[in-house]
Structure formats: structure tokens, C-alpha cells
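Hello,

Here is the structure I promised to pass on. My notes follow below it.

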Amino acid sequence: MALSKRLDEYKAVFFDVGDTLLTIPAAQVIMGRFLAARDFHPDEARIGELFTEAFRLFYYGKEVGAFEACTPETDRQFWIRLYGYILEHLGVEEQKWTPEQVHACCHELYDLFTSPEHYSLFADVQEVLASLQARGLRLGVISNFAPTLPAILESKGILHFFDPVVVSTLAGLEKPDPAIFTLALKEAGLHPSDVLYVGDHDINDVWAPNQVGIDAVKILRYEYHSGAGIRSLRELLDS
């Protein structure tokens, strides 16, 4: 990986969170158990395939459009749509579920997947955050996430590393709107050239920060991630 300048020429490194710092390592198992408790027993491998397919369709394949205000409700609706897609393709209609049951199930899944217990840090996170902080770099978060994010970061023992913590549903802005990066810069009192941003999404985490002059690097956490970037946060320490 080649940054546009050396790491020690930045004053801060800001991060995306989902699939950058945190993951739910067995989402298909969690959903499988959730559905089994409701007498629906789809194949877990198929659930996993549909999670990947839905993320590609609704998240990674999303193009830049008109920027809209972000609220806890708009975030919830995005995920309900995604979970609804998964349930539909699992054949929930064949289980004789009513639309009301499907809708309620999607809301329950949202609450389930925005609570701290199912999240795990990637193996390189604690080590690299501590190393970056020891080098005198300021660390921050800019993330599209539910309002529960600070509690999740606290539960994983890393919230104390970050200032600022800018969460879309709390800020009223969401990536790829470049305004959320401008807000983070203002909160931090930093110039765009002071900051390196790390995330997993080409538009949200590379294009968007670039619009306000922030350098960005993509992290490729999964095999289906493509393009130039890093496979581990440890690569930052060598740059």
C-alpha cells in the first residue's frame, strides 16, 4: 500500500466502523437461531449467501444520489429493507408468514444486530489503535450506524481511543455526504490534510472523504472486497 504521504505526516487517523473495526462473525448463525425460534429453519449457508448478496445490492452497489438527512428511523428502514430481502429469498411466504409478521421480524432483527453482544473486533484492531495512539496520532470515528454505536465501542473496550465519534444517526448526516466529514473536521479542529481515513466502501469511505480533501485508504476485509487497498490495519504501521 502506498499512501500519498508518510503516516507520520498526518495528525490523525479516522475510521469507519462496520467491516473496518468491527464485524458480526456469524450473522448467518445468529439469524438462523432467531428464525428457528419462530419455527422457520432455512439453511445457514443460504442465509450467509443472501447476506453477501444483500450487502452487495443495497450497500456496496449503492450509487451517489441526492444526500438526505439521516435519522435513527431512516437507518432502521434501510436495514428492514435489507432483512426483508433476505427473508423473501429464504422463502418466508412459503411459511405462511403474513406481511405484518415479516415486518415485525425485520424490526426485531434490527434490534438484535444493533446490540453489542454479537459484535467482535477484528484481530488487528486493539494492537493497531494502541500503536497509532502511541505515535501521537489522534484517532476518530465517522460511521453510518445506529445510535447504539458508542455503547458498542464501549463494550468492546475501544471507545476511549476516539475523539471525535461522529455517528450518522446522531449527527443527522450520513456517508457518502461529504458534509459528515466536514462536521468531523470541525469537531476535531483539524484541517483535511491532517487526516487519513480508513474504511471498506469505495464511495462512502474513499470518494466521500476525498471530496473535502481528506486522504483515504480502503481496507479489504473479505474475499468479495475488490480493488486497491490494505488487507490489515497493520499495514498502516509500515507506511
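**Helix 1**

In helix 1, the buried residues are Ala27, Val29, Ile30, Met31, Gly32, Phe34 and Leu35. Buried means under 20% relative accessible area, exposed means over 50%, and partly exposed lies in between (1.4 Å probe, protein chains only). Helices (H or I, at least four residues) and strands (E, at least two) are DSSP runs, numbered from the N terminus.

The model is predicted: local features need pLDDT of at least 70, side-chain atom pairs count only at pLDDT 80 or more, and totals for chains, interfaces and linings use all residues. Residues are numbered from 1 along each chain as its sequence is written, and side-chain values use heavy atoms, with hydrogens and water left out.

Helix 1 covers residues 27-36, and seven of its 10 residues are buried, so the rest of the structure largely encloses it. What do these buried residues pack against? Their partners are helix 2 (44-60), helix 3 (72-90) and helix 4 (99-113). Contact here means heavy atoms within 4.5 Å.

**Two domains**

The domain assignment gives domain 1 (7-23 + 120-238) and domain 2 (27-118). Such bounds come from an automatic or database assignment. The contact takes 26 residues from domain 1 and 19 residues from domain 2. The C-alpha centres of the two domains lie 25 Å apart.

About 1800 Å² is buried between domain 1 and domain 2, and carbon and sulfur atoms give 60% of that. Buried area is the accessible area (1.4 Å probe) that two parts lose on being put together, summed over both. Thr169, His201 and Tyr224 supply 28% of the area that domain 1 buries against domain 2, more than any other three residues.

Three residue pairs are in polar contact across the interface (both at pLDDT 80 or more). A polar contact is a pair of N or O atoms within 3.5 Å; within protein, one must be able to donate a hydrogen and the other to accept it, and residues adjacent in sequence count only if both atoms are side-chain atoms.

**Lys218**

Lys218 sits in strand 7 (residues 215-218). Is Lys218 buried or exposed? Lys218 is buried, with a relative accessible area of 6%. Its side chain makes a polar contact with the side chain of Asp202 (3.1 Å).

Best wishes
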